[in-house]
Amino acid sequence: MKLTVIGCSGSYPGPESPASCYLLEADHDGRTWRVVLDLGNGALGALQRYVDPIDVDAVLLSHLHADHCLDLAGYYVLRKYHPAGPQPRIPVWGPVGTADRMARAYDLPVDPGMGSEFEFHEYDGAVEVGPFRIEPVRVAHPVPAYGLRVSSGGRTLAYTGDTGPCDALDQLATGVDLLLAEASFRHGETNPDDLHLTGRDAGEVAARTGVPRLVLTHVPPWYAVADALDEAAEVYDGHLTAAAPGATYDI
């Protein structure tokens, strides 16, 4: 698999990056398959630097906060009103209520909502899209939220989405080749429970589960990415980097 970071700014778009969005590509049956993990505010514009959005095979949403899903509204417009004509429906996977949430986001009637453009599904076990197998793992956040294990060709990526520290993170990260983990909070501050990880939290998960590569993401613009890296490096001695728009990883 090839992972391309489209957007990695935490909680809202920053001056250097859109909000959360990651492109995964893998070759299968004579063509390249593409799935997008999250499509937060500002991400659709940046996505077009790397791929024609018409060529995306599926969208997988970790949860329904705006910084992870709201650019699906623009993607609806692109697919519905494209000059070449309405584009075929593609699957969109997400938590309970995804279809209704996105209809409200564009002020559409819930029925039919965006149902002519997207084939909505709610997570209930593993998902298969071309060469990709996606396993959702429920994590700790104020709304229904999932970490995603994505496997192809014997390799696995784990993406935490947004989550506070929880036992499910060990299940998510065990045996993966790369952990893409949020690091929104700073260690040593009074942080709310069940909301976000610190860089140190992410490093501890990676160290505890033996992850060979850790990529920190979702650092809000009001914090320095270097601080999150320093926190993780205190407890994790594997390969450590921070996500940046346009960065690619072969998995």
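These legends describe close-up views of a predicted model. Local features need pLDDT of at least 70, side-chain atom pairs count only at pLDDT 80 or more, and totals for chains, interfaces and linings use all residues. Residues are numbered from 1 along each chain as its sequence is written, and side-chain values use heavy atoms, without hydrogens and water.

**View A. The open seven-stranded sheet.** The strand order is β7-β8-β9-β10-β11-β12-β13, with mixed pairing. Strands are DSSP E runs of at least two residues, helices are H or I runs of at least four, and both are numbered from the N terminus. Pairing requires at least two DSSP bridges between two strands. β7 (127-129) and β13 (239-242) each have a single partner strand, so one side of each lacks a neighbour in the sheet. Neighbouring strands are turned by 20 degrees against each other on average, direction ignored.

View B. β12 (residues 213-217) runs parallel to β13, joined by four bridges. R213 stands opposite H239 in β13. Helix α6 (residues 199-209) packs on the sheet and touches β11 (178-182) and β12. Contact means heavy atoms within 4.5 Å. The α6 direction makes about 160 degrees with that of β12. Axes are lines fitted to C-alpha atoms, for helices over the stretch in contact, and angles run from 0 to 180 degrees between N-to-C directions. Helix α7 (residues 225-233) lies across β12 and β13, at about 165 degrees to β13.

**View C. Surroundings of F132.** Leaving aside neighbours within four places in sequence, F132 contacts several residues, among them M1, L24, W33, V35, V127 and V150.
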